[in-house]
Amino acid sequence: MAIRLSRPRALALCALPVLALFGAAAFAPLPFTVAQPGTTANVLGDSKGEPVITIKGAPTRTTDGQLRMTTILATSPTADVRVASVVDSWFRGDRAVMPRDSVYPTGGSEKEIERHNLQDMEKSQNAAVDAALNYLDRSPGSVDITLHLEDVGGPSAGLFFALGIVDKLVGDGSGGDLTGGRTVAGTGTIEPSGAVGAVGGVSLKTQAARRDGATVFLVPKAECTQAKSERPEGLRLIPVTTLKNAVSSLRALEQGGKVPSC
């Protein structure tokens, strides 16, 4: 026997599966990662009692100011990120929601991802040494450089490792520091040629930088728009494309010259 339903009741019954679906989604984990401003580290200083940059075979300078590499802090690859957390983060300037595979592209277990990130860091450190020595026109065989930074993985500190090496060896080339005594922060990958590459989470890294006292932030030029989107008050953004460009901009900043901006 056919049963006829009034239109309001029919709509209500049809809505039940949809509501059930939304209810299930509210409690189901989503393929996202939630990130926030992470730690920063002064590459001219120490990390857990050891210098971040150790140079043997060449005279080094005593530096002033700070060169702070920046990080983001993201939920782990196995964390259950749910709708409520995603919605809340979308409305907060100090949070970012990103596809999980953009933060952890290798997949696998947490240990495998950690190992991959440490390998990326090691490659980044080697590239930073090569980039700095190429910039200074020095042979790798005449100087021994060791980089040490605990609890940080990935390639995004490359630019600042290279800048730290240059600052310790020659400074600004005129007897002063690249920093001009400031706290300079930033991010960017580095190639042995000196080319600077884009990274993720720039808008969060600017917040970490300002929180830790930076007044200048070096950002890969391609990410200027993202950096400006959540730029903290009092933080100057300087776009860079190469190590040479970054050094030139810092020199110009100290000498009152023309400095590019985002």
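The following conversation goes through the terms applied to this predicted model and the values behind them.

Biologist: What makes a local feature or a side-chain atom pair count in this model?

Modeller: The model is predicted, and local features need pLDDT of at least 70, side-chain atom pairs count only at pLDDT 80 or more, while totals for chains, interfaces and linings use all residues. Residues are numbered from 1 along each chain as its sequence is written, and side-chain values use heavy atoms, with hydrogens and water left out.

Biologist: Why is T70 called buried?

Modeller: Buried means under 20% relative accessible area, exposed over 50%, and partly exposed in between, with a 1.4 Å probe and protein chains only. T70 has 1% relative accessibility, and therefore counts as buried. T70 is placed in strand β5, where strands (E, at least two residues) and helices (H or I, at least four) are DSSP runs numbered from the N terminus.

Biologist: What does T70 touch, and what polar atom pair does its side chain make?

Modeller: With contact meaning heavy atoms within 4.5 Å, and leaving aside residues up to four places away in sequence, T70 touches T39, T40, S156, A185, G186, T187, K205, A209 and F217. A polar atom of the T70 side chain lies 3.1 Å from the backbone oxygen of G186.

Biologist: What makes a set of residues a nonpolar core, and how many residues has the largest one here?

Modeller: A nonpolar core is a set of buried Ala, Val, Leu, Ile, Met, Phe, Trp, Tyr and Cys residues joined through side-chain atoms within 4.5 Å. The largest has 46 residues, and those with the most contacts inside it are L159, L163 and L218. Its largest share, eight residues, comes from α5. L218 touches residues including L159, F160, L163, I238 and L250, not counting those up to four places away in sequence. A second, separate core of eleven residues includes A185, A227, L235 and L237.

Biologist: How do you know that the span of α4 agrees with its number of residues?

Modeller: The expected span of a helix is 1.5 Å times one less than its number of residues. The 26 residues of α4 should therefore span 38 Å, and its end C-alpha atoms are 37 Å apart, which agrees. Among the buried residues of α4 are I113, D120, M121 and L133, and the buried residues of this helix pack against β7, α5, β9 and α8.

Biologist: Why is the pair D167 and R61 called a salt bridge?

Modeller: A salt bridge is a side-chain nitrogen of Lys or Arg within 4 Å of a carboxyl oxygen of Asp or Glu. The closest N and O atoms of D167 and R61 are 3.5 Å apart, so the pair meets the rule. D167 in helix α5 and R61 in the loop between β4 and β5 are 106 residues apart, and the pair links distant parts of the chain. D167 is at 0% relative accessibility and so counts as buried, whereas R61, with a relative accessible area of 21%, is partly exposed.

Biologist: How many salt bridges does this rule give, and which others are among them?

Modeller: The count comes to four. One of them joins R182 and E254, with the closest N and O atoms 3.1 Å apart; R182, in the loop between α5 and β8, and E254, in helix α8, are 72 residues apart. R182 has a relative accessible area of 25% and is therefore partly exposed, and E254, at 39%, is partly exposed as well. The side chains of R211 and D212 also meet in a salt bridge, at 2.9 Å from N to O.

Key
Polar contact = N/O pair within 3.5 Å; in protein donor to acceptor, adjacent residues only side chain to side chain.
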